[in-house]
Structures are given as C-alpha cells and as structure tokens.
Amino acid sequence: MESKKEYFSQALVPLQEAIEFHNSELKSEDTPSLAGCYSCLGYCYLLLENVEKALQYLNKGLEIRETLIDKNDEYYEFAISCSYLKLGLAFSKQKNFENAFNYAQKGLEMRKKE
C-alpha cells in the first residue's frame, strides 16, 4: 500500500504538466483553473513538507485569484479564504507564527462573512 506522501508526490507531475500546458499551449490569460492548479501544487508540497515550494505556489495561486475573481462572485470569498488558510498553515510549519496568525485570521474573517 502506498503512503499518503507517495500519492501527493504522484500528484505533482500532472499538476505541473497542466500548468505547463496552460502556459505554453493555451497561451491565454491567467484563469481560475490555473490558480487552482498552483494552489493544489502548493498544498501538495506543503503536505510533502517542502514549505518553501509550497509558499511559492500558494502565493502564485492567490495572486492569480486576487486579480481574476469577481469580488461579487460567491466563489471569490471561498477561494481566497482557502488560499489564506493554506498560507497560514505553511507559515506555521516554518514557525513564522505572526504570518501564520495573520493569514489564518484573514481566511477565517472571510469565511465568517459567508
């Protein structure tokens, strides 16, 4: 039986391929699905305990989401709050508790509005 880490390691390749395909073949603007790929990739790295790469991809996903999603769309607050919560978790793994608290608080405040 494979471990959870092996599953997450295997998920890295198709996520990276999807990002590469989007950037090279589609040559379109950033999309919510691209933001989702970056966020999923970051979360996989977080679960694999590669916090630096996790932060890189989680931040990229958040950056795209913040520029794309209509703030009146109900998905907006959910997607952004999830990004903040994952970033908070990543910073806590680094023992950067101030940033962890700030991101977690942002994420929770957005969820309370829903």
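**Helix packing, rings and cysteines**

Student: What do the buried residues of α1 pack against?

Tutor: They pack against α2. Keep in mind that this is a predicted model.

Student: Which residues of α1 are buried?

Tutor: L12, L15, I19 and H22.

Student: How far apart are the end C-alpha atoms of helix α1?

Tutor: They are 32 Å apart. Helix α1 covers residues 4-26, which is 23 residues. At 1.5 Å a residue it should span 33 Å, so the two values agree.

Student: Which residues of α2 are buried?

Tutor: L34, A35, G36, C37, Y38, S39, L41, G42, C44, Y45 and L46.

Student: What covers them?

Tutor: The cover includes α1, α3 and α4.

Student: Switching to rings. How many aromatic pairs does the structure hold?

Tutor: Four. One of them is Y45 with Y57, and that pair is stacked. The centres are 5.7 Å apart, with 10 degrees between the planes.

Student: Where do Y45 and Y57 lie?

Tutor: Y45 is in helix α2, residues 32-47. Y57 is in helix α3, residues 51-68. The pair therefore ties together parts 12 residues apart in sequence.

Student: Are Y45 and Y57 buried or exposed?

Tutor: Both are buried.

Student: What about F91 and Y103?

Tutor: They form an aromatic pair as well, and it is stacked. Here the values are 5.5 Å centre to centre and 15 degrees between the planes. F91 sits in helix α4, residues 74-93, and Y103 in helix α5, residues 97-113, so this pair links parts that are 12 residues apart in sequence. Both F91 and Y103 are buried.

Student: Which residues form an aromatic cluster?

Tutor: Y38, Y45 and Y57 form one. Y38 and Y45 were both on the buried list for α2.

Student: What sits over the ring of Y103?

Tutor: The charged end of K106, 5.3 Å from the ring centre. There is also K86, which lies over the face of Y43 at 5.2 Å from the ring centre.

Student: Cysteines next. How many disulfides does the count come to?

Tutor: Zero, taking a disulfide as a pair of cysteine sulfur atoms within 2.5 Å.

Student: How far is the sulfur of C82 from the closest cysteine sulfur?

Tutor: 10 Å. That closest sulfur is in C40, and again the distance is too far for a bond.

Student: Now the backbone. Which phi does E49 take?

Tutor: A positive phi of about 70 degrees, although E49 is not a glycine. Most residues other than glycine have a negative phi.

Student: Where is E49 placed?

Tutor: In the loop between α2 and α3, just after α2. E49 counts as exposed, at 54% relative accessibility.

Student: And K95, what phi does that have?

Tutor: About 65 degrees, positive, and K95 is not a glycine either. K95 belongs to the loop between α4 and α5.

Student: Is K95 buried or exposed?

Tutor: Exposed, with a relative accessible area of 62%.

Definitions and conventions
Residues are numbered from 1 along each chain as its sequence is written. This is a predicted model: local features need pLDDT of at least 70, side-chain atom pairs count only at pLDDT 80 or more; totals for chains, interfaces and linings use all residues. Side-chain values use heavy atoms; hydrogens and water are left out. Rings of Phe, Tyr and Trp (its six-membered ring) pair if their centres lie within 6.5 Å; planes under 30 degrees apart count as stacked, over 60 as edge-to-face and the rest as tilted. Helices (H or I, at least four residues) and strands (E, at least two) are DSSP runs, numbered from the N terminus. Buried means under 20% relative accessible area, exposed over 50%, partly exposed in between (1.4 Å probe, protein chains only). A charge sits over a ring if NZ of Lys or CZ of Arg is within 6 Å of the ring centre and within 35 degrees of the ring normal. The expected span of a helix is 1.5 Å times one less than its number of residues. Contact means heavy atoms within 4.5 Å.
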